[in-house]
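Subject: Structure handover

Hello,

Here is the structure for you to look at. Please open it first, then read on.

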Amino acid sequence: MGCDGGTIPRRNELVKVKQKPETKDHTSHLIFQWRYCNLSQQLLQRPIVTCGLGKLYNKSAIIEAMINKESLPNHIKTLKDVLDLNLTRNPEFREDAIMRIEISPYICPVTGLEMSGKFRFVALWSCGCVFAERALKNVEMKACPKCQKCFDKSDILELNPDFSAEETMKERMEVRKRRKKSAKRVIKKK
Ligand SMILES: [Zn+2]
């Protein structure tokens, strides 16, 4: 449907995708995405990391897989391919609510929105801070609102993006790689 560059999706197809009903399946999918490690399938516990595609993992699971030479996703070769997330704890959250999608362990430090899958959330690759996407929208910001470290557009990484965002995520991953390479070259020249 439209993704192969052949056909253009009709409006009703687009609307259908957007208006996903909040079914039981949908809720368990969200819980799985936002509460569990994408690699070990264990509950997420800090330190939590993300990869270039915005999936969430326990850092310990990634390290363990590397030590045991277990298979990792293709785009994760070293710890440099994952980002430590600087998450903001939700003061309202209690451990016994871990299976209730409407109460999230983490929130956006700017808007106070919960990181539950209901709102788009992004991390900044430059510092690891995590925000609701709308906290960074409509503002010509160059510095992270939480830690003030500078960032640019290629540093913005959507967490658990829907399928349509994957291409953008891959492009940004490439931009960051190229930038790192050219930064290395500059250092060598000096
Ligand atoms: Zn920051």
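Predicted model: local features only at pLDDT ≥ 70, side-chain atom pairs only at ≥ 80, totals over all residues.

Residues are numbered from 1 along each chain as its sequence is written, and side-chain values use heavy atoms, with hydrogens and water left out.

Zinc site

Four cysteines supply the protein donors of the zinc ion: Cys 127, Cys 129, Cys 144 and Cys 147, each through SG, lying 2.3 Å from it. Donors here are N, O and S atoms within 2.8 Å of the metal (3.2 Å for Na, K and Ca); water is not among the atoms, so sites may look incomplete. Along the chain, the donors follow the spacing C-x1-C-x14-C-x2-C. The site is tetrahedral, with angles of 106 to 117 degrees among its four donor atoms. For four tetrahedral donors, the ideal angle is 109.5 degrees.

Cys 129 is buried, at 0% relative accessibility. Cys 127 is partly exposed, at 21%. The cut-offs: buried is under 20% relative accessible area, exposed is over 50%, and partly exposed is in between (1.4 Å probe, protein chains only).

Salt bridges

The structure holds nine salt bridges. Each is a side-chain nitrogen of Lys or Arg within 4 Å of a carboxyl oxygen of Asp or Glu.

- Asp 84 pairs with Lys 59, with the closest N and O atoms 3.1 Å apart. Asp 84 is in strand 3 (residues 82-84) and Lys 59 in helix 3 (residues 59-67), 25 residues apart.
- Arg 179 meets Asp 152 at 3.0 Å, N to O. Arg 179 lies in helix 5 (residues 166-189) and Asp 152 in the loop between helix 4 and strand 8, so the pair ties together parts 27 residues apart in sequence.
- Arg 120, Glu 133, Lys 137 and Glu 158 are linked in a network.

Helices (H or I, at least four residues) and strands (E, at least two) are DSSP runs, numbered from the N terminus.

Asp 155

Asp 155 sits in the loop between helix 4 (133-136) and strand 8 (156-158). Is Asp 155 buried or exposed? At 5% relative accessibility, Asp 155 is buried. Asp 155 touches Ala 123, Leu 124, Trp 125, Ser 126, Arg 176 and Arg 179, not counting residues up to four places away in sequence. Contact means heavy atoms within 4.5 Å.

Best wishes

Terms used: Tetrahedral: all angles 85-135°; square planar, octahedral: opposite > 155°, others 65-115°.
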